[in-house]
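The following report describes selected features of one protein model. Please consult the sequence and the structure as they are shown below.

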Amino acid sequence: MRTAPRGGWNVERGLVITFRVLGPGRAGRSLMAALDAVGGYRSVGAWGRDRSPVDAAHGVDLLIIATPDDVVADVAAAVHPVATTAVLHLSGSLGLDVLDGHPRRGSLHPLVPLPTSEIGAQRLRSGITFAVAGDPAARTLAEALGGNVVEVDDRDRAAYHAAAVIAANHLVALMGQVERVAATAGLPLDAFAGLMRAASEDAIALGPRAALTGPAARGDWETVERHRAAIAAMPAHRTELAGYDAMVALARRLSLDTAEELDPGIDNGNGPPSAGAAAEQVA
């Protein structure tokens, strides 16, 4: 952190952290706008593909690589290292090894979708969780945005990112199936909005196991089979059935895990199959 030039002097803190963004896409521009709003940070610009990244780390405290994951390592390798500049990437799936060669390296991954720079800037300042690793500059930045900070080590990165993908991408894909199945009954997706919101809120407030309801949870396989028959009449029914069956199996697993906690005598799969385990094979 250096004393800012006269034009970037922060009245309250007296110091600002200067930064540059490589990759001015949705994530990069969202972060730039969010940091501009909270103060204490001053952008010296965003460099895109039309400019060589060789000197990008010069003259700034932070260099933020906001490119797609598959080019982060190549972009970082092209940047000439500067001992005093912290280089951060915004990838959830990558570790710090992609920044090898830079003395100060870290990662900052916001657990929130950033569909546009305007919406993204607001969400980044809404108290979300940031996963950080490496250089303390990553934690400092997340805290400046008012975020909740969790440390994720490189060895846990794949599991962490898998959970994030399930929480966001897979949830949206599941809503896509809700929309398609609902359409066969002449109903729009928003008819189920209250149900989806309440179920999500219950799962977060009570925990997924306590919030689980429905036929798979109670072993109502006749209802499950009626669902399967309706879905089998849809276009691309094999894909639709595979998705439905997978969720029935996950719901059943969750209900059985809950039952085992309440009654340790329930078959845990190491002995002969129980009635519940046999019923699970319906899915």
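F19 has L62 of strand β3 as its bridge partner. These residues belong to a pairing between β1 (residues 17-22) and β3 (residues 62-65), which run in the parallel sense over 4 bridges. Two strands are taken to pair if DSSP finds at least two bridges between them; strands (E, at least two residues) and helices (H or I, at least four residues) are DSSP runs numbered from the N terminus. The model is predicted: local features need pLDDT of at least 70, side-chain atom pairs count only at pLDDT 80 or more, and totals for chains, interfaces and linings use all residues. Residues are numbered from 1 along each chain as its sequence is written, and side-chain values use heavy atoms, with hydrogens and water left out.

Contact here means heavy atoms within 4.5 Å.

Strand β2 includes G45. Not counting residues up to four places away in sequence, G45 touches F19, R20, V21 and M32. The C-alpha atoms of G45 and V21 are 6.6 Å apart, although 24 residues separate the two along the chain.

A236 is located in the loop between α9 (221-232) and α10 (237-262). This residue has a positive phi of about 50° although it is not a glycine.

The table gives the accessibility of these two residues, where buried means under 20% relative accessible area, exposed over 50%, and partly exposed in between (1.4 Å probe, protein chains only).

| Residue | Relative accessible area | Class |
|---|---|---|
| G45 | 23% | partly exposed |
| A236 | 55% | exposed |
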